[in-house]
Amino acid sequence: MDLRIFTEPQQGASYDTLLTVAKATEDLGFDAFFRSDHFVPMGSSDGLPGPTDAWITLAGLARETKRIRLGTLMTAGTFRLPGVLAIQVAQVDQMSGGRVELGLGAGWFEQEHTAYGIPFPKEKFARLEEQLAIVTGLWATDTGKTFSYDGRHYQLTDSPALPKPAQTKVPVLIGGHGATRTPRLAAQYADEFNMPFASIEDSERQFGRVRDAAEQAGRGKDALVYSNALVACVGKDDAEVARRAAEIGRDVDELKANGLAGSPAEVVDKIGRYGAIGSRRIYLQMLDLSDLDHLELIASQVQPHLS
């Protein structure tokens with residue numbers, strides 16, 4: 001079971017804060033550092049000092065880290081033109097020496113679009129499908145040849161399809177709860193399917209849908225990596241769990257029901273139950289980025305007990 005650190009910088013984090021967390025992620029032996037792609041905070045946070053751009057952040061981290069994988073959960077399709085996104089991700093992959101992964105979603109948070117003058121289209125899912133076709137098509141085009149695409153939402157004519165990523169195949173992540181279109185899209189384009197903030201039962205049901213869709217697409221049920229994203233709130237005792245829950249404005253019982261909360265032993269047990277339904281990777285949503293002791297506790301008392 002891989003453990004990855006997942007951050008939400010729109011809630012309030014500078015690049016320097018993210019760099020500190022990413023370096024701790026690497027030093028403590030975690031597999032990857034991922035971040036969200038949002039420009040406006042959610043809930044009661046003031047979001048200070050203001051938003052950071054996901055791919056600019058990852059470009060910086062690509063040069064400041066050496067081992068960890070770097071990526072997004074999820075890049076908002078509404079923020080990016082697919083041709084430009086293919087260039088951005090390929091360049092950051094080169095800058096990292098081939099450590100980038102692209103999580104791509106349709107986009108959903110209308111407030112951040114109106115706040116920064118970003119169009120918020122009604123047909124987001126159809127755009128996402130074309131974006132995936134274009135990004136992966138550009139990367140797959142042989143050097144010296146061109147790529148064209150004539151879609152409803154995007155048209156490309158004789159693109160040189162450059163630059164190429166350092167990796168032969170940049171892993172693509174697709175996620176979500178949709179029962180029909182999401183599994184089909186994952187089966188067609190994804191290397192990993194992520195189930196965000198979902199119970200074991202709901203995850204098992206959705207993983208099954210994706211496996212069936214992958215089999216129907218001729219890929220095989222186990223062609224994808226299956227993963228979960230869950231908020232983390234771990235403490236060496238009840239008092240520490242309660243303190244960490246209070247710092248992020250959450251209730252301990254709610255976190256235990258819906259996330260990974262409690263003692264290291266409790267969290268190891270719950271991760272094991274996700275593993276039993278086929279999850280092979282957990283993205284630990286860390287909401288207090290100043291609490292590096294939290295990362296150290298998970299690294300020393302949770303990670304060693306996962307097979």
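This is a predicted model: local features need pLDDT of at least 70, side-chain atom pairs count only at pLDDT 80 or more; totals for chains, interfaces and linings use all residues.
In what kind of crossing, left-handed or right-handed, does H1 pass H2? The crossing is right-handed. Two packed helices are described by the angle between their axes and the distance between the axes.

**Helices H1 and H2**
- Helix H1 spans residues 15–27 and helix H2 spans residues 54–64; their axes come within 10 Å and cross at roughly 45°.
- H1 and H2 are therefore oblique to each other.
- On the H1 side, the contact is made by Tyr-15, Leu-18, Leu-19, Ala-22 and Lys-23, which meet Thr-57, Gly-60, Leu-61 and Glu-64 of H2.
- By residue class, this contact of H1 with H2 holds five nonpolar, two polar and two charged residues.

**Helices H3 and H5**
- Helix H3 (residues 82–96) packs against helix H5 (residues 124–140) at an angle of about 45°, and their axes are 9 Å apart.
- That angle makes H3 oblique to H5.
- H3 passes H5 in a crossing that is right-handed.
- From H3, Pro-82, Gly-83, Leu-85, Ala-86, Val-89 and Ala-90 take part in the contact, meeting Gln-131, Ile-134, Val-135, Leu-138 and Trp-139 in H5.
- The contact of H3 with H5 comprises nine nonpolar and two polar residues, with no charged ones.

**Strands E6 and E7**
- Strand E6 (residues 147–150) and strand E7 (residues 155–159) run antiparallel and are joined by three bridges.
- Phe-147 has Ser-159 in E7 as its bridge partner.
- The two strands, E6 and E7, form a hairpin, with four residues between them.

How values were computed
Residues are numbered from 1 along each chain as its sequence is written. Side-chain values use heavy atoms; hydrogens and water are left out. Axes are lines fitted to C-alpha atoms, for helices over the stretch in contact, and angles run from 0 to 180 degrees between N-to-C directions. Angles under 35 degrees count as roughly parallel, over 145 as roughly antiparallel, 65 to 115 as roughly perpendicular and the rest as oblique. A crossing is left-handed if the near helix is turned anticlockwise from the far one by less than a right angle, and right-handed if clockwise. Contact means heavy atoms within 4.5 Å. Ala, Val, Leu, Ile, Met, Phe, Trp, Tyr, Cys and Pro count as nonpolar, Asp, Glu, Lys and Arg as charged, and the others, Gly among them, as polar. Two strands pair if DSSP finds at least two bridges between them.
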